[in-house]
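Subject: Structure handed over, with notes

Dear colleague,

Here is the structure that I promised to pass on to you. Please open it beside this message, and then read on for what was found in it.

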Amino acid sequence: MSTKMNFKIHILGSGSALPTIKRFATAQIFTAYEEPYLIDCGEGTQIQMRRFRIKFGKIKNIFISHLHGDHYFGIFGLLSSYNLLGRTSQLNIFAHKELESLLKSEFSPIIIEELNFKVNFHQLPENETVIFENKRITVKSFPLKHRIKTCGFLFTEKPRQPNIIKEKIQELNLTVPQILDVKAGKDLEIDGILHKNSDLTTPLPALRSYAFCSDTAYSENIIPIIKDVDLLYHEATFSESDASNAEKTFHSTASDAGKIAKQANAKQLVIAHFSSRYPQVDFLLKEAQEHFPNTFVGFDGMEIEM
Ligand SMILES: [Zn+2]
């Protein structure tokens, strides 16, 4: 698929609460049709964006899953840098309402009103809801099961217009209105002969989707929402042997992540947000793969195209 139609993620931070040199706190760039969206913004996100040569001035929309520090401490530095770099274009932040209160409070390290650009806050709803859409994608937020209010995000590609088979335009001598009808999905009747839309156009590739499940205890509630997703990112903070820790802190084990991917019929699973107690994570991969073989270990700098 051409880069113009790209649909991919770039992991900036694959670690958990305690960032390390190898694994920064959670942040990802999701790109659809060359437009980047920032998902979570842990400490050091702007450093990682520079490291991985992300053109972060182009980001217009930021999605923050929840207000644990490892998912949003980077927002203060990022807003400050945008200001220093002379940003003037508006920025949308989708987050729980407390982030807006925090950034507008007298103790905020950023004085929102004095920035050279406007920040629009969009409060995340409690239920499964479409929170954003443009010509290319739809973003749905849905509740996860964590210690505080937490949302997952589902990015879905919108249907594209079909391409007309060029030879048909000449062969049938199609007019512009007829071409537009075909692109809109209609059949054509010419001189009493019916030409089916499927005979006039090349078949469209399936619509792609990406689900981001930041911090959550094992929750089967999300399965119908993320059903058949092309790529599932699911945290896997703990190993099976630390399952009691996972339960206590409302996190998942690697096998929890594998079970969810399997039941959701995902095409691929990426696990990350590993506890810093594990110097190696190969065994977490094995645990997830026991349930879902097509699992990969996320790392800082990893890019996955859908
Ligand atoms: Zn958390």
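The zinc ion is held by His66 through NE2, His68 through ND1, His146 through NE2 and Asp215 through OD, at 2.2 to 2.3 Å, where donors are N, O and S atoms within 2.8 Å of the metal (3.2 Å for Na, K and Ca), and water is not among the atoms, so sites may look incomplete. Please keep in mind that this is a predicted model, in which local features need pLDDT of at least 70 and side-chain atom pairs count only at pLDDT 80 or more, while totals for chains, interfaces and linings use all residues. Residues are numbered from 1 along each chain as its sequence is written, and side-chain values use heavy atoms, with hydrogens and water left out.

Along the chain, the donors of the zinc ion follow the spacing H-x1-H-x77-H-x68-D. His68, in the loop between strand 4 and helix 2, and Asp215, in the loop between strand 14 (209–213) and helix 7 (223–226), are 147 residues apart, and this pair links distant parts of the chain; helices (H or I, at least four residues) and strands (E, at least two) are DSSP runs, numbered from the N terminus. Both His68 and Asp215 are buried, that is, under 20% relative accessible area, with exposed meaning over 50% and partly exposed in between (1.4 Å probe, protein chains only).

Seven strands form an open sheet with mixed pairing, in the order 6-5-4-3-2-1-18, and two strands pair if DSSP finds at least two bridges between them. Strand 6 (119–123) and strand 18 (303–305) stand at the edges with a single partner strand each, so one side of each has no neighbour in the sheet.

Strand 2 and strand 3 form a hairpin with two residues between them, and Tyr33 in the turn has a positive phi of about 50 degrees. Six bridges also join strand 2 to strand 1 (residues 7–13), again antiparallel, with Ala32 as the partner of Phe7. Which way do the residues of strand 2 point? Ala27, Ile29 and Thr31 point one way, and Gln28, Phe30 and Ala32 the other way. Six of the six residues of strand 2 are buried, so this strand is largely enclosed by the rest of the structure.

Helix 2 (residues 74–84) lies across strand 3, strand 4 (61–63), strand 5 (91–95) and strand 6, and runs at about 140 degrees to strand 3; axes are lines fitted to C-alpha atoms, for helices over the stretch in contact, and angles run from 0 to 180 degrees between N-to-C directions. The buried residues of helix 2 include Gly74, Ile75, Phe76 and Leu78, and what covers the buried residues includes helix 1 (45–51) and helix 3. Just after helix 2, Gly86 takes a positive phi of about 85 degrees.

Finally, Phe63 is in contact (heavy atoms within 4.5 Å) with residues including Tyr37, Phe94, Phe153 and Phe155, leaving aside its neighbours within four places in sequence.

With best wishes
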